[in-house]
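Colleague: I am new to this structure and would like a close look at a single part, the place where the two chains meet. Could you start from the chain that carries it and then work towards the contact?

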Amino acid sequence: MKKLLSGNEAVARGAWEAGVNVVSAYPGTPSTEILENLATYPEVYAELATNEKVGLEVAAGASFGGARALTCMKHVGLNVAADPLFSMAYIGATGGFVVVTADDPGMHSSQNEQDNRYYAKMAKIPCLEPSDSQECLAFAKLAFELSEKFDTPVLLRLTTRVSHSKGVVELGRRAEHTPSGYVKDIAKRITIPAHARKMHVKVEERLRRLAEYGETFAGNTVGKGDKKLGIITSGISYQYARDVFPEASFLKLGLTYPLPKKLIADFIRSVDEVYVIEENDPFLEEQIKAEGYFVKGSCAYDNPVTGKDRVPITGELDPTVVARSFGLQREPPVQPIAVPARPPVLCPGCPHRGVFYAISKLKLVATGDIGCYTLGMMEPLGAMDTVICMGGSVTAAMGLEKALGPEMAKRTVAVIGDSTFFHSGITGLIDMVYNNAQGTVVILDNRITAMTGHQQNPGSGRTLQGQPAPVLSIEEICRACGVQDVRVVDPLDLKATEAALKAAAGHPGVSAVIAQSPCILIDKKFKPALHVDEDACVGCKLCLKLGCPAISFGGARKKSRIDPNFCTGCEVCASLCPKQAMKR
Amino acid sequence: MKTVNILICGVGGQGVLLAGDIIAETAIAAGHDAKKSEVHGMAQRGGSVVSHVRYGDKVNSPLIREGEADVILSFEEMETARYLDFLAPGGAVIVNRQQVLPMTVATGQAQYPADIVDRIKAQVPNTKLCDGPALSEQAGSAKTINVVLVGALARQLDIPKDTWIATISSRVPPKTVEINRKAFELGYGG
Ligand SMILES: Cc1ncc(C[n+]2csc(CCOP(=O)(O)OP(=O)(O)O)c2C)c(N)n1
Ligand code: SF4
Ligand code: SF4
């Protein structure tokens, strides 16, 4: 049967067909739909992990029991999970053990564009790179086989355009995998130095066998074309290069670590000139050059005359960028017309808005974190100062206080979402209490992991599949961590929110403010829209400071206006209006 | 056959992604290879959204190259302008008669380019306007704007009408099949 599937749907399908037993993962764009799709198969145990390190370790334990196990994450998630990944590279796999990384060239929804193929090289494990949905399915299946055959974790590396593009896929059946059961083997699974020294020798030997395998691996393919130009490429870059150079010869690598050196050498010898076309870092190019071949790719030193690189290292590739890199892109017949930008904004009725309005009004420094609430940085709220990584808000606020003293702490708050708090905020909070910090942590408890598409989390009372789960109380967690001053507030109540922030910031020691109100999109039960009574509105523009997309200003009478199609009736603007002009 | 390239643009929440799915699935049902690409995430909080759909004998890149889109199907007037460099020589533009104000415009920091449709028309003679809001009301629900627009697009392509209707019927809630069929017809005819 054929079906139109995204790369992520196809990875889930491939893992299912391979008989995967256990999946544990934390969401992150562009990887999230892999977990969400695996959750729909009744044969698979799939769960939302608290963070990526947890997800990778749960999958590792399942592999110890001989189960086929998978974890998936966005590229930066692998930074969080790197510690167990490197140990598992030594331990290897009992049941097939697959780690999926979805990288985000172009940073559509990320803080950097790291190229996670380097993790495969550093951990000395194989890296598979599919270039379309059909290969996503095939490589996901193959990854489990390779993992068991070579006793290794396998890194399956996707990128945004592989994960989120759809293509036609031929579906297969599931081959059940029965876990072989647990057998004690401490020399294999206890990574003490005495064992690990022996493991490292095995890892190097495994790498040699994997490289040998790559020489004849069917996913490393040579497409013979024009002998003048040969292109070495992988992943989505292959698809772009095929469109731009339809006549060229191709070496398409499906296994991009370790590299098949002989296959590459033969290919290079068979053509006059070689381009390496890959997205972001020159991962293949540098290794090929280290073998002593001259190829053209993205390294700046390629072109001694202009000093310029060809294929850009920064940003996402697409057929236009590839064509332009080689001087093959014509000017488009029609030029775009400049129009105002349209950045994303907090939804109308979003509970985060009240907190950011209060922060902005009190002129606090807000160390921020990652989630929908990062949009609190946007004007007119402009209420966020820093973002490092998930969990980094709490610790950055603490560092500021330790550097600049309690006066800084009094005008600083850390702002973190509920899912982010569970992910990696709690350890920072413990550090604050333990090291006698002064500071305020504001936890935006909207009862969901909203940014990545509304997943459940340990505070929401539901599992990945929507089944009932224990509700972890953030308030009790804060108290158990030793925070004495804990306040719970409704962020839709602007006065109470402002008062709570003021009191908490003035408190000596660590305080927590939990702003509790569900994301408006969870059940979408909106209240009737408000409207502005134009006779009452004095045009003071105070309501515009909320940055609610339902409110606009202007018209013949220069008054505020509420779009009834967008307004969710949260009444936050009404509580702000000095003339009570907002009416139901 | 030459690969057909369709670029769909609009604002998060307008149904751009579903329209892209319908177009790609219809192309497959008509016997073509097809790919589509879009980005999930930040863009959906009211940001600018774009989806690429390509179909033909064998499709490689899921992304359209600049200057090669046969049709730009735009759900929002101003959004059309951002992507005009994708249009192929002689390509067509279909613009939904709807304006969604970005935050900078709503708060009065920027102006919505009032004459934008005229400026697009001046650059692209083959520009068609589609009154999605009015036609969807006529069909019975404002939620069918995206299907109205798919209808307007279908008229420009050579895939049989029945194939379109079959895919749409399979993708919308069963209770709304009739309304959506009507919406498609109105877009197709208008
Ligand atoms: C290490 C890491 N993992 C995953 C992500 C993807 N990610 C960004 S925001 C977010 C969830 C935020 O949820 P929450 O803190 O509840 O805030 P909300 O979006 O609900 O406001 C996730 C999972 C990331 N940026 N970094
Ligand atoms: S999805 Fe929810 S949390 Fe995110 S901006 Fe919208 S209302 Fe706020
Ligand atoms: S009540 Fe006011 S703040 Fe709330 S959604 Fe409506 S316009 Fe926006």
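Modeller: The secondary structure of chain A comes to 21 helices and 23 strands, where helices (H or I, at least four residues) and strands (E, at least two) are DSSP runs numbered from the N terminus. With a radius of gyration of 27 Å, taken over C-alpha atoms, chain A is close to the 25 Å that the globule rule gives for 584 residues, so it is as compact as a globular protein of that length; the rule is 2.2 Å times the number of residues to the power 0.38. This is a predicted model, in which local features need pLDDT of at least 70 and side-chain atom pairs count only at pLDDT 80 or more, while totals for chains, interfaces and linings use all residues. Residues are numbered from 1 along each chain as its sequence is written, chains are lettered from A and ligands numbered from 1 in the order in which they are written, and side-chain values use heavy atoms, with hydrogens and water left out.

Now to the contact itself, which means heavy atoms within 4.5 Å: 55 residues come from chain A and 54 residues from chain B. The area buried between chain A and chain B is about 4,700 Å², with 60% of it from carbon and sulfur atoms; buried area is the accessible area (1.4 Å probe) that two parts lose on being put together, summed over both.

Across this interface there are 5 salt bridges, each a side-chain nitrogen of Lys or Arg within 4 Å of a carboxyl oxygen of Asp or Glu. One salt bridge joins the side chains of Lys166(A) and Asp21(B), at 2.9 Å from N to O. On the side of chain A that touches chain B, at least two residues each are supplied by α8 (160-163), β8 (165-170), α11 (235-244), α14 (319-325) and β21 (551-554) of chain A. Of the elements on that side, α11(A) gives the most, with 6 residues. The residues of this side of chain A divide into 31 nonpolar, 14 polar and 10 charged, counting Ala, Val, Leu, Ile, Met, Phe, Trp, Tyr, Cys and Pro as nonpolar, Asp, Glu, Lys and Arg as charged, and the others, Gly among them, as polar.

The strand β8(A) is also joined to chain B, since 3 bridges link it to β2 (residues 33-38) of chain B, and the two run antiparallel; two strands pair if DSSP finds at least two bridges between them. Within this pairing, Lys166(A) stands opposite Lys36(B) in β2(B).
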